[in-house]
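Dear colleague,

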Amino acid sequence: MIWHQGWTRDLRLTIFVLWAFCSVSCMTIEPEPLEADPYSTVEAGKALYLVSCSACHQSDGKGLEGVAPPLFGTRWAHESEERLARIILQGLRGPITVAGKKYNLEMPPMGFFKDHEVAEILTYVRTTWGNSSSSTDVNTIERIRAQTSDRSDSWTVEELFDEGVDY
Ligand code: HEC
């Protein structure tokens with residue numbers, strides 16, 4: 001047995017303690033917040049868009065006849081982030097005119113997204129496919145979620161305009 005060799009045991013113990021300390025501290029170090037880096041926000045938004053929106057609006061944002069209108073270069077997609085946030089949080093039902101075409105469909109609510117996720121999706125939508133609006137920050141989404149917290153029904157176009165959403 002090597003246990004009688006005191007220094008070997010001490011060395012092993014020291015290595016073990018160092019290893020244990022390092023793994024615990026590595027696990028508890030928080031990664032840097034993504035908000036500080038606009039590139040990461042857009043990338044996070046793209047990933048969320050691809051799994052949550054593209055089935056209907058398509059990955060190129062051009063929409064699909066009979067399924068969903070385009071987000072590509074439309075006034076809807078980049079004019080009012082307040083209206084966009086409401087559409088994601090509570091959904092939207094037609095009729096609606098997008099890029100000169102009428103739709104009378106229903107978009108499901110997606111309020112299950114966290115505030116920062118909605119901000120990331122909107123930032124992606126507002127800065128991609130030739131849309132060049134400002135990015136959306138998490139405080140805007142937090143405010144709109146609070147303002148609409150007693151709302152469960154989906155929005156209609158008339159309501160979004162009547163509520164004085166900046167258009
Ligand atoms: C199940 C299909 C579906 C999904 C998923 C979906 N939408 Fe929609 N979306 C629609 C439909 C349908 C409309 C139009 C509803 C109507 O006729 O009033 C719409 C309308 C919109 C509009 C306003 C009109 C326009 O084209 O600019 C925006 C903005 C929008 N969706 C964004 C999103 C975003 C962002 C996501 C992902 C978080 C998303 N949608 C997910 C179906 C969907």
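The notes below set out what was found.

This is a predicted model, in which local features need pLDDT of at least 70 and side-chain atom pairs count only at pLDDT 80 or more, while totals for chains, interfaces and linings use all residues. Residues are numbered from 1 along each chain as its sequence is written.

The chain contains eight helices and four strands; helices (H or I, at least four residues) and strands (E, at least two) are DSSP runs, numbered from the N terminus. Their order from the N terminus is α-α-α-α-α-β-β-β-β-α-α-α. Of the 167 residues in the chain, 23% are buried. A residue is buried if 20 or more other C-beta atoms lie within 10 Å of its own, exposed if 12 or fewer, and partly exposed in between, with C-beta atoms placed from the backbone.

The largest nonpolar core has 22 residues. Such a core is a set of buried Ala, Val, Leu, Ile, Met, Phe, Trp, Tyr and Cys residues joined through C-beta atoms within 7 Å. The residues with the most contacts inside this core are A85, I87, I88, V118, I121, L122 and V125. At least two of its residues come from each of α4, α5, α6 and α7, and α6 gives the largest share, six residues.

The axes of α6 and α7 (residues 138-147) come within 8 Å and cross at roughly 120°. Axes are lines fitted to C-alpha atoms, for helices over the stretch in contact, and angles run from 0 to 180 degrees between N-to-C directions. On the α6 side, D115, H116, V118 and A119 make the contact, and on the α7 side V138, I141, E142 and R145. Two residues are in contact if their C-beta atoms, placed from the backbone, lie within 7 Å.

F113 lies in the loop between β4 (106-107) and α6 (115-127). F113 is partly exposed because 17 other C-beta atoms lie within 10 Å. Not counting residues up to four places away in sequence, F113 touches I88 and V118.

Finally, 29 residues surround the ligand, and the closest are C53, C56, W76, G94 and M107. A residue counts as near a molecule if its C-beta atom, placed from the backbone, lies within 6 Å of it. Elements that give two or more residues to this shell include α3 (54-57), β1 (92-93) and α6.

Yours sincerely
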